[in-house]
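The sequence and the structure come next.

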Amino acid sequence: GGGGGGGGRIAIAAGLVASQLTVRASGGASSGSFTCGGAAGTVYILNGTSSNLIFDNSGGTSASSTLTPFPPDLNGVLLSQLNISGKAYVDLRQSKLNNDVRASVLDLDQNSKITGDSVVIDTSNATIRGQILATAAAWLHNAQSGPGRVTAFSGSSITCTSGMLKMSLTGSTVALHGSISATNAEVKGLRNFSHTGTLIVSGSYLSIMVETAMI
């Protein structure tokens, strides 16, 4: 027996991909006395001009340290949609040139996470139920994707353990109902900002410059 293998990579490109098509690249299950399943793989679907990247580990038993690297060839590429679900743990590393994530729509479910040293996410419309964890820096912006709505639900967390957390989602409506924690934090350019969760800034700098705020 042993731990499960990783889910691998699948890519589909077509002028039209049927909505009934279901494709998964989940990590393998563990066997014997081992309780660690494999990391999620990736599924990339190019449907005409619409691009969708999926990390879905089907709720497997992988340890929280079993990570799937974000594909370096999609670093800095604006995706139509990015879905992370089913206990998928996505790793971004500045040294590996895969830490610049761009997606018009981002969906991070409650059992999944995005982690790394310097985490950079460009998104217009995001639904965050899981964890975003950075060690050196975290930056959420919309320079390419444009304004939209970003919601971090109760139970979610956005954390930068030893650096700056920046949110420069220009013109967007942002609602944070989960946990926000950073050494220093800067929120600016938002059209509407509401926060009902916890906000912990352990350093000396916290700046919030938005059009309207409810805190």
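A residue is called buried when its relative accessible area is under 20%, exposed when the value is over 50%, and partly exposed in between. The model described here is predicted.

## Salt bridges

Side chains of opposite charge can pair when their charged atoms come close. A search of the whole structure finds four salt bridges, and three of them are described here, beginning with the bridge between Arg93 and Asp91.

The side chains of Arg93 and Asp91 meet with a distance of 3.0 Å from N to O. Arg93 has a relative accessible area of 27%, a value between the limits of 20% and 50%, so Arg93 counts as partly exposed.

In another salt bridge, Arg102 meets Asp100 at 2.8 Å, N to O. Arg102 is partly exposed, at 23% relative accessible area, whereas Asp100 has 18% relative accessibility and counts as buried because this is under the 20% limit. Lys188 also forms a salt bridge, with Glu186, and here the closest N and O atoms are 3.9 Å apart. Lys188 is partly exposed, with a relative accessible area of 36%, while Glu186 is buried, with 16%.

## The aromatic pair

The structure holds one aromatic pair. Phe55 and Phe70 form this pair, with 6.3 Å centre to centre and 25° between the planes, and the pair is stacked. Phe55 belongs to strand S3 (residues 50-56), and Phe70 to the loop between strand S4 (68-69) and strand S5 (78-85), so the pair ties together parts that are 15 residues apart in sequence. Both Phe55 and Phe70 are buried.

## Charges over rings

Two lysines are placed over aromatic rings, as follows. Lys113 lies over the face of Tyr89, and its distance from the ring centre is 5.2 Å. For Lys166, the charged end sits over the ring of Trp139, at 4.7 Å from the centre of that ring.

## A nonpolar surface patch

Which residues form a nonpolar patch on the surface? They are Leu199, Leu206, Ile208 and Ile215, and together they have about 360 Å² of accessible area.

Leu199, one of these residues, lies in strand S15 (residues 198-201). Leu199 is partly exposed, with a relative accessible area of 37%.

Methods. Residues numbered from 1 in each chain as written. Predicted model: local features only at pLDDT ≥ 70, side-chain atom pairs only at ≥ 80, totals over all residues. Heavy atoms only, no water. Patch = residues over 30% accessible without salt bridge, like charges linked within 9 Å, V, L, I, M, F, W, Y side chains within 5 Å. Areas by Shrake-Rupley, 256 points an atom, 1.4 Å probe, with all protein chains shown as cover. Helix = DSSP H or I, 4+ residues; strand = E, 2+ residues; numbered from the N terminus. Buried < 20%, exposed > 50% of the residue type's maximum accessible area, 1.4 Å probe, protein only. Phe/Tyr/Trp six-rings, centres within 6.5 Å; stacked < 30°, edge-to-face > 60°. Lys NZ or Arg CZ within 6 Å of the ring centre and 35° of its normal.
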